[in-house]
Amino acid sequence: SNPMDLLKNADPTQIKTMLKMVQDNPQLMKDMLKSANPGMADKLTDEQLQKTIDTFANLDDRKISMIMKGLGFLQKLKSSPKMKVAIFMMLSTFVFVLGMLVYLVKKSKTMDDAASTGSLVDEGVPPVPIIEESEF
């Protein structure tokens with residue numbers, strides 16, 4: 001009895017009717033949120049809740065239908081084991097690339113610092129003597 005399944009299969013006109021009912025009685029929405037997710041319900045102000053309800057209540061049936069299909073698709077992706085593996089791989093790649101960038105920036109900075117102090121010259125190799133013309 002997932003609420004998303006009920007909404008996903010509901011007719012957009014039914015959803016609009018439910019939204020109108022909630023718009024007329026915002027306390028009903030607060031009570032539903034408190035039972036579903038008390039932490040989120042406590043963070044929402046009455047004004048935020050009212051704006052959200054008004055926004056959805058003013059949508060036409062086609063937009064409501066598109067939103068419900070999109071939410072249903074996201075719900076399927078969220079529960080898919082393949083998606084979890086794909087997200088893990090994307091995050092791993094992101095962390096690897098970020099690590100490489102940090103490494104390269106630090107190495108570049110070290111090389112720049114060494115070049116400015118002259119410490120790149122190998123101190124074990126004797127300098128090349130400068131021969132002046134008068135020595136010949």
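How are helix 2 and helix 3 oriented to each other: roughly parallel or roughly perpendicular? They are roughly perpendicular, on a scale where angles under 35 degrees count as roughly parallel, over 145 as roughly antiparallel, 65 to 115 as roughly perpendicular and the rest as oblique. Some notes on that pair and its neighbours follow.

1. Ground rules. This is a predicted model, in which local features need pLDDT of at least 70 and side-chain atom pairs count only at pLDDT 80 or more, while totals for chains, interfaces and linings use all residues. Residues are numbered from 1 along each chain as its sequence is written, and side-chain values use heavy atoms, with hydrogens and water left out.

2. Overall make-up. The chain has 7 helices and 0 strands, so the pattern along the sequence reads α-α-α-α-α-α-α, with helices (H or I, at least four residues) and strands (E, at least two) taken as DSSP runs and numbered from the N terminus. Of the 136 residues in the chain, 12% are buried; buried means under 20% relative accessible area, exposed over 50%, and partly exposed in between (1.4 Å probe, protein chains only). For contacts with a separation of 6 or more, 59% join residues 24 or more positions apart, a contact being heavy atoms within 4.5 Å.

3. Helix 2 against helix 3. Two packed helices are described by the angle between their axes and the distance between the axes. For helix 2 and helix 3 (residues 26-36), the angle is about 105° and the axes are 4 Å apart. The axes are lines fitted to C-alpha atoms, for helices over the stretch in contact, and the angles run from 0 to 180 degrees between N-to-C directions. Met-21, Val-22, Gln-23 and Asp-24 of helix 2 touch Pro-26, Leu-28 and Met-29 of helix 3. By class, this contact has 5 nonpolar, 1 polar and 1 charged residues; Ala, Val, Leu, Ile, Met, Phe, Trp, Tyr, Cys and Pro count as nonpolar, Asp, Glu, Lys and Arg as charged, and the others, Gly among them, as polar.

4. Helix 2 against helix 5. Here the axes of helix 2 (residues 12-24) and helix 5 (residues 46-57) come within 9 Å and cross at roughly 150°. That makes the two helices roughly antiparallel. The crossing of helix 2 with helix 5 is left-handed, meaning the near helix is turned anticlockwise from the far one by less than a right angle (clockwise would be right-handed). On the helix 2 side, Lys-16, Leu-19, Lys-20, Val-22 and Gln-23 meet Gln-50, Ile-53, Asp-54, Phe-56 and Ala-57 of helix 5. The class count for this contact is 5 nonpolar, 2 polar and 3 charged residues.

5. Helix 2 against helix 6. Helix 6 (residues 61-79) packs on helix 2 at an angle of about 100°, with the axes 9 Å apart. That makes this pair roughly perpendicular. Pro-12, Thr-13, Ile-15, Lys-16 and Leu-19 of helix 2 meet Asp-61, Ile-64, Ser-65 and Met-68 of helix 6. In this contact there are 5 nonpolar, 2 polar and 2 charged residues.

6. Thr-13 as a reference point. Thr-13 sits in helix 2 and is partly exposed, at a relative accessible area of 41%. Its C-alpha is 8.8 Å from that of Ile-64, which is 51 residues away in sequence. Asp-60, in the loop between helix 5 and helix 6, has its C-alpha 9.0 Å from that of Thr-13, at 47 residues along the chain. Asp-60 also counts as partly exposed, at 37% relative accessibility.

7. Charge pairing. Side chains of opposite charge can pair when their charged atoms come close. The count here is 1 salt bridge, defined as a side-chain nitrogen of Lys or Arg within 4 Å of a carboxyl oxygen of Asp or Glu. Lys-51 and Glu-47 form a salt bridge at 3.8 Å, N to O. Being 4 residues apart in helix 5, Lys-51 and Glu-47 are separated by about one helical turn. Both Lys-51 and Glu-47 are exposed.
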